[in-house]
Amino acid sequence: MAGPIHPKLLPITTTFSDEGRTFVGGRDVCEIAEEFGTPLFLYDEHHLRQRCRDALWAFGSGVAYGSKAFLCLAMAKLVDEEGLHIDVASAGEAYTALRAGVPAARLVMHGNNKSTAELTYALERGIGRIVVDSVDELERLARLGGFGHPKPKVLLRVTPGVKAHTHEFMATGHEDQKFGLSIEGGAATDAVLRCRGEGSGVELVGIHCHIGSQIFDAESYAKTIAIVAPFFIPLGLPELVVGGGLGAPYVEEEVDGVPTFAEWAAAINRAVKEAGISGVVRLGVEPGRSIAANAAMTVYRVGTIKTLPEIRTYVSIDGGMSDNPRPALYGSGYEAFLPRNGTAERSRPVRIVGKHCETGDVLINEAWVPDDIHVGDLLATPATGAYGYTMANNYNKLPRPAVVFVHDSTARVVVRRETYDDLLRLDSL
Ligand SMILES: Cc1ncc(COP(=O)(O)O)c(C=O)c1O
């Protein structure tokens, strides 16, 4: 048995009518879903902007939005308008941001295996920072240095050896993984020497680390800073970036455990001070999910309800692992509610599954929904604004959903729904 969906999982502007109908940005969620179809990613634009502003206020000008969480032209433009830099993890993400009009100097390029073509792209466009992840990448940059581009400003991504408490595939601070240069093993020092050597073709401006994602304990960052500081301080560099990973609540049990941006910033600043890092060092963070996750919900249509006596009830929706692969990938939890009555008690235990040809196409393993759920209902899963649409795929040739932004009672499509023709646009006979 569960109560009504927790408001902290929902976009900031969510309200309910006396009958429980759910409104986001002043619009009725059911009406929007009827108008634009399902499955639908529905974003509260005010929420996105407010989170950007809160991050900027808390952390200062060193904030870069981790765009892998959610990126499209409208999002890149919004983030830029709000004054954040943008962290891109490929030339494709960089291309998207540039096409949205974001100045190249505002981009930070990541990636553990940037190709020569991607690095050339970054150099030609004048991308603001490149976060170097390997010695091979430094060699590539040295070779490209002779081609007349201004020297790129680079940060070195180091592995501090911190084991963050999160899913194995979301932890990136420990030694045994593909990202970064080990401080303990000496690779980070070797990379610094190469950067500073003759003909490196780069200007080393800082150190970067990222310990993982969906982190709830600010102490993980404090620990990281304490470990990185003895390596960082003697280098005398002007920039230190502690990465992203600030947690977002996906399920009710998580809503009270999430620090605010101000609390994260206080813990990070305290750790920086205690570690003896100079006050003039520019501190950077790269929040992704903590900006985008709770700004959105996915709205589905219930297609079948199957009750297996003495086993369970399966509720099938018209999407699944193609629009949200996170449950299958990480075992991530979500909650569900019916937007036609968002204040209803959720007393019926069900398993919510998608429409894909996979037994593992389970969206919510043990969900609670209102007792009167029926075929044809609209069902929403909150907190799907990060790593939802960006991880969406066409498995079983399902067209990817539309993305709609709602603001001041106006809903607009920012990414249209794919058509069957879109599915074949790369094919030839
Ligand atoms: C280097 C880097 N920065 C920032 C992020 C954003 O993480 P999150 O969305 O958890 O804040 C990631 C995520 O993988 C990352 O790898």
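Predicted model: local features only at pLDDT ≥ 70, side-chain atom pairs only at ≥ 80, totals over all residues.
Let's start with the overall layout. The protein splits into domain 1 (7–44 + 294–423) and domain 2 (45–290), and the C-alpha centres of these two domains are 31 Å apart. Where they touch, domain 1 contributes 27 residues and domain 2 contributes 23 residues.

On the domain 1 side of this contact, three strands each supply at least two residues: β4 (40–44), β19 (402–407) and β20 (410–415). Of the elements there, β19 gives the most, with four residues.

| Residue class on the side of domain 1 that touches domain 2 | Count |
|---|---|
| Nonpolar | 16 residues |
| Polar | eight residues |

**The largest nonpolar core**

In soluble globular proteins, nonpolar side chains tend to be buried together. Here, the largest nonpolar core holds 116 residues, and Leu42, Tyr43, Ile86, Leu156 and Val404 have the most contacts inside it. Helix α9 (residues 261–274) provides the largest share of this core, six residues. Which domains give residues to this core? Both domain 1 and domain 2 do, so the core lies between them.

Setting aside neighbours within four places in sequence, Leu42 is in contact with Val24, Val29, Ile32, Ala296, Met297, Val299, Val404 and Val406. One of these partners, Val404, is itself listed with the residues that have the most contacts inside the core.

**Around the ligand**

Next, the ligand. It is surrounded by 17 residues, and the closest are Gly66, Ser213, Gly244, Glu286 and Gly288. The shell around the ligand comprises four nonpolar, nine polar and four charged residues.

**Thr384, a buried loop residue**

Finally, have a look at Thr384, which sits in the loop between β18 (378–382) and β19. Is Thr384 buried or exposed? With 28 other C-beta atoms within 10 Å, Thr384 is buried, because a count of 20 or more is what makes a residue buried.

Leaving out neighbours within four places in sequence, the contacts of Thr384 are Phe41, Ala296, Met297, Thr298 and Asn324.

Methods. Residues numbered from 1 in each chain as written. Near = placed C-beta within 6 Å. Nonpolar A, V, L, I, M, F, W, Y, C, P; charged D, E, K, R; others polar. Core = buried A, V, L, I, M, F, W, Y, C linked by C-beta atoms within 7 Å. Buried ≥ 20, exposed ≤ 12 C-beta atoms within 10 Å, placed from the backbone. Domains from an automatic or database assignment. Contact = placed C-beta atoms within 7 Å.
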